[in-house]
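Reader: Could you walk me through this one? I'd like to start with how the parts meet.

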Amino acid sequence: MGTLILAVTSLFLYSVGTALQALHFRGRVQSNLAITTLIGVLALTSHGLLIAQTVHHDGGFDFSFFKSSVLISWLIVFLLLGLNLKKPVQSLFLGVYPLAILTIIVALVTHGPSRLVSDQSYGMLSHIALSVTAYSLFTLAAIQAVLLYFQNRQLKHNYNSLLVRNLPPLQTMESLLFEMVWAGVVMLILAIVTGALFIEDLFAQNLAHKTLFSILSLLVFVALLIGRYTKGWRGITASRWTLAGCALLMLAFYGSKFVLELIFQRGG
């Protein structure tokens with residue numbers, strides 16, 4: 001199947017999913033887990049086939065800026081669909097599906113230098129897989145933190161908005177956020193450890209700044225978890241710390257890639 005057909009199919013299915021979630025959010029249609037899951041799985045399948053055609057090449061994988069974004073958005077959708085079977089995270093689809101649409105469109109209309117990694121570089125591929133998983137989990141955590149922030153503010157002002165009426169109880173929202181942060185911290189630690197083991201020359205590969213921001217991000221998340229269990233941090237405080245850690249992590253990944261690949265045009 002052609003790349004354009006797969007892209008259009010993915011965009012259509014994600015758009016349908018977004019529209020259904022928006023209608024449910026506004027109370028126009030009833031939520032249906034089976035339909036939500038079916039549309040998500042179909043979109044995910046088309047999205048995955050698109051990645052297979054654009055990211056995988058003979059002898060390696062292209063982890064350049066735009067190709068990585070398409071891969072990460074796929075994994076975010078995958079994780080959210082899995083979580084949605086057990087957790088009340090349906091509201092996150094309204095942020096995740098448009099994100100997937102954006103990454104696919106940008107990847108189609110823009111071009112940058114390739115950053116190929118050999119499919120025989122198992123150590124490097126394991127580091128990338130763990131890193132992408134950590135970025136995906138923290139992206140979900142960031143969206144959850146934004147929702148939690150506004151939910152807290154509106155509840156404090158006794159504002160019974162559409163957002164407040166559709167979100168799970170505050171305690172549930174906070175619990176979900178910290179579960180995502182815990183999972184992301186574990187993946188990020190493993191990613192940093194595998195990077196230290198399998199990247200031979202950190203500075204020669206222009207990865208020092210990426211490592212620095214990743215470690216700073218990890219420290220922020222660890223401080224958040226410590227604050228949670230020692231000082232009872234929650235609500236807006238937890239949201240702010242989560243967003244600060246996510247911002248550092250995005251600088252580590254997207255900031256370094258943007259500068260190296262799109263400004264200095266360095267491939268790999």
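**The domain interface**

Author: Between domain 1 and domain 2, one residue pair is in polar contact, both at pLDDT 80 or more. A polar contact is a pair of N or O atoms within 3.5 Å; within protein, one must be able to donate a hydrogen and the other to accept it, and residues adjacent in sequence count only if both atoms are side-chain atoms. This is a predicted model: local features need pLDDT of at least 70, side-chain atom pairs count only at pLDDT 80 or more, and totals for chains, interfaces and linings use all residues. Residues are numbered from 1 along each chain as its sequence is written, and side-chain values use heavy atoms, with hydrogens and water left out.

Reader: Where are the domains divided?

Author: Domain 1 is 1-119 and domain 2 is 121-267. The bounds come from an automatic or database domain assignment.

Reader: How many residues are in contact?

Author: 30 residues of domain 1 are in contact with 33 of domain 2. Contact means heavy atoms within 4.5 Å.

Reader: And what area is buried between them?

Author: About 2800 Å², with carbon and sulfur atoms giving 75%. That is the accessible area (1.4 Å probe) that two parts lose on being put together, summed over both. In domain 1, Phe25, Phe65 and Arg115 lose the most area to domain 2, together 24% of what that side buries.

Reader: How many salt bridges across the interface?

Author: The rule finds one there. A salt bridge is a side-chain nitrogen of Lys or Arg within 4 Å of a carboxyl oxygen of Asp or Glu. Lys87 pairs with Glu179, the closest N and O atoms being 3.3 Å apart.

Reader: How many salt bridges does the structure hold?

Author: Two. Glu174 and Arg234 also meet in a salt bridge, 3.2 Å from N to O. Glu174 is buried, at 3% relative accessibility, while Arg234 is partly exposed, at 46%.

Reader: New topic. Where is Asn152?

Author: Asn152 sits in helix H5, residues 122-156. Helices (H or I, at least four residues) and strands (E, at least two) are DSSP runs, numbered from the N terminus.

Reader: What does Asn152 touch?

Author: Leu170, Gly235 and Ile236, not counting residues up to four places away in sequence. Asn152 is buried, with 7% relative accessible area.

Definitions and conventions: Buried < 20%, exposed > 50% of the residue type's maximum accessible area, 1.4 Å probe, protein only.
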